[in-house]
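Dear colleague,

I am handing over the structure we spoke about, and I would be glad if you could look at it alongside the notes below.

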Amino acid sequence: VRRSLLRLFDEILTQYDVDGLQLDYIRYPFQDPSAGRSYGYGTASRQRFKALTGVDPTDISPSDRALWEQWTDFRVEQIDSFVSATSRLVRRRRPEAILSAAVFPMPEHDRRHKIQQVWEQWAREGEVDIIATMSYAIDTPQLEALVNPWLNGSLSPAIVLPAIRLLNLPNTLALDQIQALRDLPAGGYALFAAENLHENTALQQVFQRTQGSVDAAAVPYREPFKAAAERYDVLQREWGVALSNGRLYVSAEQQRQLMEQAIALGSYMEQLAEEPSPKHIRQA
């Protein structure tokens, strides 16, 4: 199965003009051994584990603590080694491509024992470029609680990209969660899923008013200064919408000063995008 998947990845990377690959469901199914739900007992896995330990995993249970821990570690390694193999393939076939992974932001102990997904290692070792946390929440405080533990820089060099689930989420809450992530030290945000966005014309209109066309948007990991200038332009559009709706409560004099500063910063950022240099970085 691993060889088959890697062949498909190789085809995608070499035959199509893709920006990268996203690993989704890169884990075992959720388990509860006490209720008889445990996974990973395919013939190949059983044979390999027995060759390593002399024990068939079907003959052990959580009460056999040491052996069960070995069995858990073995399954964690199956996931880790496949991510490593995928990462090597991407770097070899398409070095400029981005490798990301959709992961659960629950505590490491729970993930290890319930789904064998210990993704911190992938991030810290540079095997993946983006960690997309499936931080699906019905309110903003819950979202912040899910993502805050992973925004302290400990996962560098990977970029943490929290995901918002749009399905059944009111637009006001979706926009509130987007704003919350922009206020946090996250690398941006992801929206799950595309079909929920396509069907939501109201949310699309909000994005179109504030962000305009994204057809030619710079990819931040390739053109960081150009992407920063584009994002700053988007931010100014949003300020414009807020001003026109009377949502920015500042005095006329403060507004004039802020406008001058905003125009100056935008000019500096455009210069930096066109001609990256230490001088232009200092100006901006």
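This is a predicted model: local features need pLDDT of at least 70, side-chain atom pairs count only at pLDDT 80 or more; totals for chains, interfaces and linings use all residues.

Residues are numbered from 1 along each chain as its sequence is written, and side-chain values use heavy atoms, with hydrogens and water left out.

Strand β2 covers residues 98–103, and because six of its six residues are buried, it is largely enclosed by the rest of the structure. Buried here means under 20% relative accessible area with a 1.4 Å probe, protein chains only, and strands are DSSP runs of E, at least two residues long, as helices are runs of H or I of at least four, both numbered from the N terminus. I98, S100 and A102 point one way from β2, whereas L99, A101 and V103 point the other way.

Strand β2 pairs in the parallel sense with β1 (residues 20–23) over four bridges, and also in the parallel sense with β3 (residues 130–133) over four bridges; pairing requires that DSSP finds at least two bridges between two strands.

Best wishes

Note on methods
Buried means under 20% relative accessible area, exposed over 50%, partly exposed in between (1.4 Å probe, protein chains only).
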